[in-house]
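Please examine the structure shown below.

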2 protein chains.
Amino acid sequence: MFELLKTDSATKARLGRLTTAHGTVDTPVYMPVGTQASVKALDPRELLEMGTQIILGNTYHLNLRPGLDIIRAAGGLHQFMNWGKPILTDSGGFQVFSLAKIRKIKPHGVEFRSHIDGSLLFLGPKEAMEIQRVLGSDIAMVFDECPPHDAPAKEQRHAVERTIRWAKECREQPRADGQKVFGIVQGGNNAALREECAKALVAMDFDGYAIGGVSVGEPEPEMLQAIEFSVPHLPAHKARYAMGLGTPAQMLELVARGVDMFDCVLPTRVARNGTAFTRRGAFGIKGGAYKADFGPLEEGCDCFACKHFTRAYLRHLLKVNEILGLRMVSVHNSHLFIKVMADARQHLAAGTFGEFYREFIAHYVPSQKVLAARKAASNER
Amino acid sequence: MFELLKTDSATKARLGRLTTAHGTVDTPVYMPVGTQASVKALDPRELLEMGTQIILGNTYHLNLRPGLDIIRAAGGLHQFMNWGKPILTDSGGFQVFSLAKIRKIKPHGVEFRSHIDGSLLFLGPKEAMEIQRVLGSDIAMVFDECPPHDAPAKEQRHAVERTIRWAKECREQPRADGQKVFGIVQGGNNAALREECAKALVAMDFDGYAIGGVSVGEPEPEMLQAIEFSVPHLPAHKARYAMGLGTPAQMLELVARGVDMFDCVLPTRVARNGTAFTRRGAFGIKGGAYKADFGPLEEGCDCFACKHFTRAYLRHLLKVNEILGLRMVSVHNSHLFIKVMADARQHLAAGTFGEFYREFIAHYVPSQKVLAARKAASNER
């Protein structure tokens with residue numbers, strides 16, 4: 001499924017290619033998030049124009065609304081949302097542990113109340129895989145337990161034990177035609193737990209491996225550490241996916257640490273509040289400084305928004321709550337995330353990734369506002 | 001400016017062509033409404049794809065936000081919003097009398113408080129024309145007084161007197177290069193007032209004539225009557241514009257009565273609540289009946305939404321508040337309004353308008369919900 005084309009000489013970065021039932025995906029790759037069968041504010045044409053190779057869908061959300069019957073009747077998630085390229089579906093584990101009101105963790109899953117209407121539901125390895133089978137995603141994720149970053153050591157250990165046991169159960173469930181399944185490494189910020197979890201999953205021979213329990217409110221150094229604790233125990237010839245991450249700079253930090261795949265709601269989420277990403281960091285377009293600024297959101301950007309509209313116009317739209325404003329900032333931000341990964345691939349192919357990476361990080365000024373927004377992003381995943 | 005190409009033999013319908021500084025407009029025409037320099041939820045590409053020939057902007061709203069300085073610095077409204085085709089701007093009269101808190105009506109305009117921040121402002125013929133000059137619209141409207149439909153006779157008379165006096169003042173103001181100006185006929189549901197107002201305006205020789213004081217909450221028969229009271233007093237060789245109207249069926253009723261131009265916020269307004277227009281009437285796409293309906297919003301429609309998405313998918317998006325849902329219903333509805341007018345033109349050219357019109361009306365079932373929505377639409381104009 002994953003072809004490792006090249007490994008960088010200066011860093012652990014890798015150039016690769018995933019093959020799925022709906023086409024190939026060049027890595028490193030950023031995957032726009034379509035939690036509820038729509039990447040927020042964007043249409044499929046816009047996604048294709050910006051170079052989207054693969055998007056995410058979500059088991060927990062789609063199972064609640066519209067429900068499996070409808071997606072089954074539509075012929076699967078691709079058909080339902082009219083997206084012909086690959087889809088990766090998250091298992092719902094993250095949402096059950098972050099959004100839902102848990103009633104009881106049982107041996108084969110979790111009894112919880114829907115965050116929509118409070119109805120009593122059950123999701124475990126069997127259910128999550130069955131839902132993903134019906135959704136017909138190209139890549140399904142195992143049902144894992146994702147504890148908060150500040151969970152006590154005992155809870156982290158139990159989460160790893162359950163995650164391993166549930167991964168094994170997921171491994172044995174029926175799949176859609178050609179559907180691949182990724183395991184998820186948990187273990188918080190504990191090196192031994194991360195190693196244990198990774199090794200147990202690798203022994204089960206999944207099609208790829210994700211690193212979960214990151215982007216759950218922890219400080220960035222801890223996040224990077226959790227990745228560093230996990231990656232060395234994952235096989236080189238399988239894809240590696242850091243779940244729910246990150247800013248453009250964070251994605252490059254993780255590419256340099258050997259991660260191939262990313263998903264993050266930040267580009268569309270912060271767009272709705274008027275925050276635009278650039279290669280130098282993010283800025284609030286609603287600021288008075290942009291009132292009469294007739295340049296594009298980012299100089300040199302060739303996205304649809306930057307080709308057609310000025311900062312002054314987009315600022316106006318956002319100030320008066322016109323939908324086109326948040327649409328266009330969503331286009332620009334998503335395009336940038338995709339383009340930064342495309343640039344990484346180009347530099348990997350040319351053997352210049354190390355320099356590109358160092359320069360990017362040196363010029364990127366992280367925004368505290370954006371980092372704070374990450375903490376509020378859980379109900380979009 | 002207006003070329004009358006053909007008059008229907010069976011009705012008063014006319015085929016025509018407007019020539020403006022930014023290109024020609026074939027009539028009858030529906031003009032999407034971009035009150036705040038954006039047709040709600042749509043981008044210019046989508047507008048062009050659906051065949052939009054001309055859009056509206058609004059003096060009152062644009063003068064408040066972003067303000068004239070910014071639009072002047074951008075080089076005018078076309079440049080500011082990146083719209084290369086014709087723009088008609090309303091004068092702000094309607095908004096001052098419907099949205100703002102009026103402090104005092106004076107001989108040369110109205111002192112009022114902004115509906116945004118309560119600041120004290122003044123708008124009259126001179127100010128409205130100066131704002132429209134800076135906006136650089138292709139067609140400017142005179143500053144009129146638009147009383148409520150149930151205003152007493154004395155108020156209607158005063159409104160007509162002021163409207164005539166203000167029209168004369170507007171006529172004398174400087175304009176943008178090539179900018180045309182339309183007079184607005186007021187007079188409520190009073191035949192004599194309508195005639196008096198129309199005749200006085202015609203004597204001033206405007207580039208076209210609008211019928212105002214319609215779509216202000218009056219029942220449909222009264223609206224049709226107000227049009228019928230006005231049209232006979234307008235010259236055949238000038239364009240006629242019914243302001244703020246209507247549904248597809250109402251537009252055809254008015255085309256058959258000799259009206260050439262229409263603007264209405266309904267297509268995008270009701271879209272945001274999940275109401276889709278069809279040639280048979282409107283329906284609420286959020287209804288349970290469409291849960292697993294995998295047909296397009298309207299059979300045979302070739303809009304972007306109908307070509308790409310099903311009712312079931314759009315219903316889901318609207319139910320879970322995904323922006324793509326209201327975007328796509330806005331696309332479909334606006335496309336339909338434009339297409340119905342294109343069909344009217346085609347039938348006028350072919351000499352079959354009467355039949356087309358009768359059949360359309362016979363099959364169109366007006367929705368009470370849509371008619372109610374019109375009453376709430378004033379702050380979008």
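The model is a predicted one. Two copies of a chain are related by a rotation about an axis and a shift along it. Here, chain B is superposed on chain A by a rotation of 180° with 0.0 Å of shift along the axis, at an RMSD of 0.0 Å. That is the relation of a two-fold axis. Within chain B, I323(B) has the C-alpha nearest this axis, at 4.2 Å from it.

The interface may be considered next. In it, 38 residues of chain B are in contact with 38 residues of chain A. Of the interface residues of chain B, 100% are also interface residues in chain A, so the copies meet through the same surface. The two chains bury about 3,300 Å² between them, with 59% of it on carbon and sulfur atoms.

Between chain B and chain A there are eight salt bridges. R45(B) forms a salt bridge with E49(A), in which the closest N and O atoms are 2.5 Å apart. Among the elements that give two or more residues to the side of chain B that touches chain A are helix 1 (44–49), helix 13 (311–319) and helix 14 (323–350) of chain B. The residues of that side comprise 22 nonpolar, five polar and 11 charged.

Finally, A271(B) belongs to helix 11 (residues 266–271) of chain B. A271(B) is buried, its relative accessible area being 0%. Leaving aside residues up to four places away in sequence, its contacts include L318(B), L326(B) and V329(B). H332(B) lies 61 residues from A271(B) in sequence, yet their C-alpha atoms are 8.8 Å apart in space.

Notes:
Residues numbered from 1 in each chain as written. Chains lettered and ligands numbered in written order. Predicted model: local features only at pLDDT ≥ 70, side-chain atom pairs only at ≥ 80, totals over all residues. Heavy atoms only, no water. Helix = DSSP H or I, 4+ residues; strand = E, 2+ residues; numbered from the N terminus. Buried < 20%, exposed > 50% of the residue type's maximum accessible area, 1.4 Å probe, protein only. Contact = heavy atoms within 4.5 Å. Least-squares fit on C-alpha atoms with pLDDT ≥ 70 in both. Buried area = accessible area lost by both parts, 1.4 Å probe. Salt bridge = Lys/Arg side-chain N within 4 Å of Asp/Glu carboxyl O. Nonpolar A, V, L, I, M, F, W, Y, C, P; charged D, E, K, R; others polar.
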